[in-house]
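Happy to walk through this one with you.

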Amino acid sequence: MFNFAYYNPTRIHFGKDTINEINSLVPSDARVMVLFGGSSAKKTGTLDEVNQALGNRFVVEFGGIEPNPTYETLMQAVEQVRELKIDFLLAVGGGSVIDGTKFVAAAAEFEGEPWDILTSWGGKVTKAMPFGTVLTLPATGSEMNCASVVTRKSLKAKLPFRNELVYPQFSILDPTKTFTLPERQLANGVVDAFVHITEQYLTYPVNAAVQDRFAEGLLQILIELGPKALAQPQDYDIRANLMWVATMALNGTIGTGVPHDWATHMIGHELTALYDIDHARTLAIVLPSLLRCTKTAKHEKLLQFADRVWHIQAGTEDERIEAAIANTQAFFEAMGIGTKLADYNLGKDDVEAVLKQLEDHGMVALGEHENIDLAMSRDILTLAI
Ligand code: NZQ
Ligand code: ZN
């Protein structure tokens, strides 16, 4: 196992009716901005509940944060934060609203051009406002991590940043708030969490037994409960377990002390930036082909994945690995998510456009061995056509 430091300051309140806890979590004299997305938080009544819990505090609402939140919209929030002397942010929504809030928290305190927060991968952030979250879509883990992904529309750039200063102070995880999710978003969440786990697990062995067994358990829960969540949309226990799996998938726990491979995400981000494909769907396109193209480097962990996650014991090593990748792809398809570029009406020319984006953004040495260069990305995307 590699050396590691582990730190996670986010307080979690999990379960039914936990929105009420906001009253004790937000300072009583805070000037609060509540940030949300398009219309779901209003329609579902979650926003009303949040406002009620905030009581007599000064509250201003900022709505309209898009899926794949944009720098352009978020900078309007930053302006209002400064104008109205807001000192606490509260995100109500999915990963996009939470990521957007992280950016606002950092940008409002940033001296200079806030886009540098993204181009420096978060390295230039030295201060950030405090904030909490009310999660309505289990998927990204953003509710308990210090990462954020922001799109600058004018540049067609979708870039991530990380900084310990943007951990949420608290996150409210009430599974009942996810009952209103459309199937498409529910499926997206399951696949996104699945890929977060594989990107911290399917690399090379470093004898990290805790992280491996933990990752394998989380993957098995997703394989079991994903389809059940679609079939039994009002089942609380299924929602609760999915919510906690998605949080654990990317809150640092399984990623400590092991190599990471975020290539699927980085290639996927370019597909979203160019074609506006849902985040999780881009991952479902890239991951199976990426695993096939890197199966020599990932040989041992892929065999372990086949054995422990998919219980595949028959056949040659190559056959077992291919069966595990095929099962993974079939699982995504069973969740209603296409795994080929053609499913999104994309082809050969689009592969070249994605490669150009990767080059422009310096994504030319990806993966746990930093050997996924543009040529290998071309192979991966071509295999995904
Ligand atoms: O905008 P509204 O009307 O609120 O509707 C949203 C949105 O259209 C809807 N929704 C959310 N909760 C709902 C609901 N509809 C009904 N009932 C509810 N309870 O769902 C749609 C998608 O929301 P979004 O927040 O975009 O989805 P998700 O949570 O999948 O977030 C995706 C974003 O997170 C980033 C992605 O790149 C993408 O921009 N990621 C962030 C990560 C992180 N911070 O660590 C890691 C991830 O890999 C990911 O990259
Ligand atoms: Zn993701």
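Q: Which spacing do the donors of the zinc ion (ligand 2) follow along the chain?
A: Keep in mind that this is a predicted model. The protein donors of the zinc ion (ligand 2) are Asp-192 (OD), His-196 (NE2), His-265 (NE2) and His-279 (NE2), at 2.0 to 2.2 Å from it. Reading along the chain, the spacing of these donors is D-x3-H-x68-H-x13-H.

Q: How many residues apart in sequence are the parts that His-196 and His-279 tie together?
A: His-196 sits in helix α7 (residues 183-201), while His-279 belongs to helix α11 (residues 279-293). The pair therefore ties together parts whose separation in sequence is 83 residues.

Q: Are His-196 and His-279 buried or exposed?
A: A residue is called buried when its relative accessible area is under 20%. By that cut-off, His-196 and His-279 are each buried.

Q: Where is Thr-133 found, and at what relative accessibility?
A: Thr-133 is part of strand β5 (residues 131-135). Leaving aside neighbours within four places in sequence, Thr-133 has contacts that include Leu-90, Ile-98, Glu-143 and Phe-170. Thr-133 counts as buried because its relative accessibility is 0%.

Q: How far apart in space are Pro-182 and Pro-233, C-alpha to C-alpha?
A: Pro-182 lies in the loop between β8 (170-173) and α7, and counts as partly exposed because its relative accessibility is 47%. In sequence, Pro-182 and Pro-233 are 51 residues apart. In space, their C-alpha atoms are separated by 9.6 Å.

Q: What percentage of the contacts with a separation of 6 or more comes from residues 24 or more positions apart?
A: Buried residues make up 58% of the 385 residues in the protein. Among contacts with a separation of 6 or more, the share from residues 24 or more positions apart is 77%.

Q: How far apart are the mean positions of the positive and negative charges of the protein?
A: The accessible surface comes to about 15600 Å², and carbon and sulfur atoms hold 50% of it. As for charges, the protein has 32 positive and 48 negative ones. The distance between their mean positions is 2 Å.

Notes: Residues are numbered from 1 along each chain as its sequence is written. Chains are lettered from A and ligands numbered from 1 in the order in which they are written. This is a predicted model: local features need pLDDT of at least 70, side-chain atom pairs count only at pLDDT 80 or more; totals for chains, interfaces and linings use all residues. Side-chain values use heavy atoms; hydrogens and water are left out. Donors are N, O and S atoms within 2.8 Å of the metal (3.2 Å for Na, K and Ca); water is not among the atoms, so sites may look incomplete. Helices (H or I, at least four residues) and strands (E, at least two) are DSSP runs, numbered from the N terminus. Buried means under 20% relative accessible area, exposed over 50%, partly exposed in between (1.4 Å probe, protein chains only). Contact means heavy atoms within 4.5 Å. Accessible areas come from the Shrake-Rupley method with a 1.4 Å probe; for residues, only the protein chains shown count as cover. Lys and Arg count as positive and Asp and Glu as negative; His and the chain ends are not counted. The place of a charge is taken as NZ of Lys, CZ of Arg, CG of Asp or CD of Glu.
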